[in-house]
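The sequence and the structure are shown first, and the points follow by topic.

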Amino acid sequence: MSLDNTRLRKLIKLFYLNDKELVAALRKEITAERSKILGNSSGGGDFHVPFWKAAKEHISGVADLEEKVEYLISKDPKHRGRLYPELCNGFLMWWDESRRRRNEPLTISPKVVKAVRSFSDLNAVVRVENVLAIDIWDETSKVIYPYFSEMPILSAEAARLGIWLLSETLSEYPRDCFRVLDVLRGRSFDVRDVPLKGDEEELFLTKYEIVLRKWRDLREEYDF
């Protein structure tokens, strides 16, 4: 996937890698993009999508996450065997604690919650998708955006930028309903944890421009 049209969670990861890690991650992205263009892509899809679907089914009461994760691992033990149990443990730690704090009737929203944000100055688009929207009995909502990466750990600043972009793109929801969830660590952030400071757009643009410039420079080394 081109980084001038990419997912928010991928950018949050790239923004907070050190220079060496960023170059390595960008080369991996470019290689995958080139393989797809040349028709050599494995076509395996997003590694995290089956897990996140299972997590949503767990919240809905359709499936037990631990059982579903065992099944998903059995279908692809080589790729899922290490991280899927860790994702499962982290998610359940967060979810069980959330339910203890606020044990109220809820349902997963039937709405498909997704949006895009264009950055014309950068000639780039950021996509927000695969969001978990939960409707609560009192007609309020929680909108959960997952961060799956092992490293870097989701920082307060990274979460703040994520919440800012969510509130910019999903403006039909109040800002205090957004959560950015570090799934592996079982920790979520909202505006009470990371109050917005007013510099989020400038900071996001600065970091995105750095990533895009490096990505475009590296891309010139590859034969497309």
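In this predicted model, the buried residues of helix 3 are covered by elements that include helix 4 (65-75), helix 6 (83-101), strand 2 (106-108), strand 5 (132-136), strand 6 (141-147) and strand 7 (178-182). The residues of helix 3 that are covered in this way are Phe51, Trp52, Ala54, Ala55, Glu57, His58 and Ile59.

**Helix 3 and its end**

- Helix 3 spans residues 49-60, twelve residues in total.
- From its first C-alpha to its last, helix 3 reaches 17 Å, close to the 16 Å expected at 1.5 Å a residue.
- An α-helix has 3.6 residues a turn, so residues three or four places apart point the same way.
- Glutamate 57 belongs to helix 3, and this residue counts as buried because its relative accessibility is 16%, below the 20% cut-off.
- Beyond the residues up to four places away in sequence, glutamate 57 touches Val62, Ala63 and Lys68.
- Glycine 61 follows helix 3 and has a positive phi, near 85°.

**Helix 1**

- Helix 1 (residues 8-15) is mostly covered, with seven of its eight residues buried.
- Those buried residues are Leu8, Arg9, Lys10, Leu11, Ile12, Leu14 and Phe15.
- The elements against which they pack are strand 1 (5-7), helix 2 (19-37), strand 4 (124-128), strand 6, helix 7 (156-169) and helix 8 (200-219).
- Strand 6 is therefore listed both as packing against the buried residues of helix 1 and among the elements that cover the buried residues of helix 3, contact being taken as heavy atoms within 4.5 Å.

**Phenylalanine 189 in strand 8**

- Strand 8 covers residues 187-189 and contains phenylalanine 189.
- Phenylalanine 189 has a relative accessible area of 2% and is therefore buried, since burial means under 20%.
- Leaving aside neighbours within four places in sequence, the contacts of phenylalanine 189 are Leu154, Ser155, Ala156, Ala159, Ile163, Phe178, Arg179, Val180 and Val194.
- One of these contacts, serine 155, is 34 residues from phenylalanine 189 along the chain, and the two C-alpha atoms are separated by 9.4 Å.

**The loop between strand 6 and helix 7**

- Proline 152 is placed in the loop between strand 6 and helix 7.
- The peptide bond from methionine 151 to proline 152 is cis, with omega near -5°.
- Isoleucine 153 is in the loop between strand 6 and helix 7 as well, and its relative accessibility of 49% makes this residue partly exposed.
- Not counting residues up to four places away in sequence, isoleucine 153 touches Asp182 and Arg185.
- Isoleucine 153 and lysine 13 are 140 residues apart in sequence, yet their C-alpha atoms are 8.5 Å apart in space.

- Most residues other than glycine have a negative phi, and most peptide bonds are trans.
- Asparagine 123 has a positive phi, near 55°, and lies in the loop between strand 3 (115-119) and strand 4.
- With a relative accessible area of 61%, asparagine 123 is exposed.
- Asparagine 130 also has a positive phi, of about 55°, and is found in the loop between strand 4 and strand 5.
- Asparagine 130 is partly exposed, at a relative accessible area of 25%.

**The chain as a whole**

- The secondary structure comprises eight helices and eight strands.
- Along the principal axes, the C-alpha atoms fill a box of roughly 55 × 45 × 30 Å.
- Of the 224 residues, 46% are buried.
- Of the contacts between residues at least 6 apart in sequence, 73% join residues at least 24 apart.

Key
Residues numbered from 1 in each chain as written. Predicted model: local features only at pLDDT ≥ 70, side-chain atom pairs only at ≥ 80, totals over all residues. Heavy atoms only, no water. Helix = DSSP H or I, 4+ residues; strand = E, 2+ residues; numbered from the N terminus. Buried < 20%, exposed > 50% of the residue type's maximum accessible area, 1.4 Å probe, protein only. Expected span 1.5 Å × (residues − 1).
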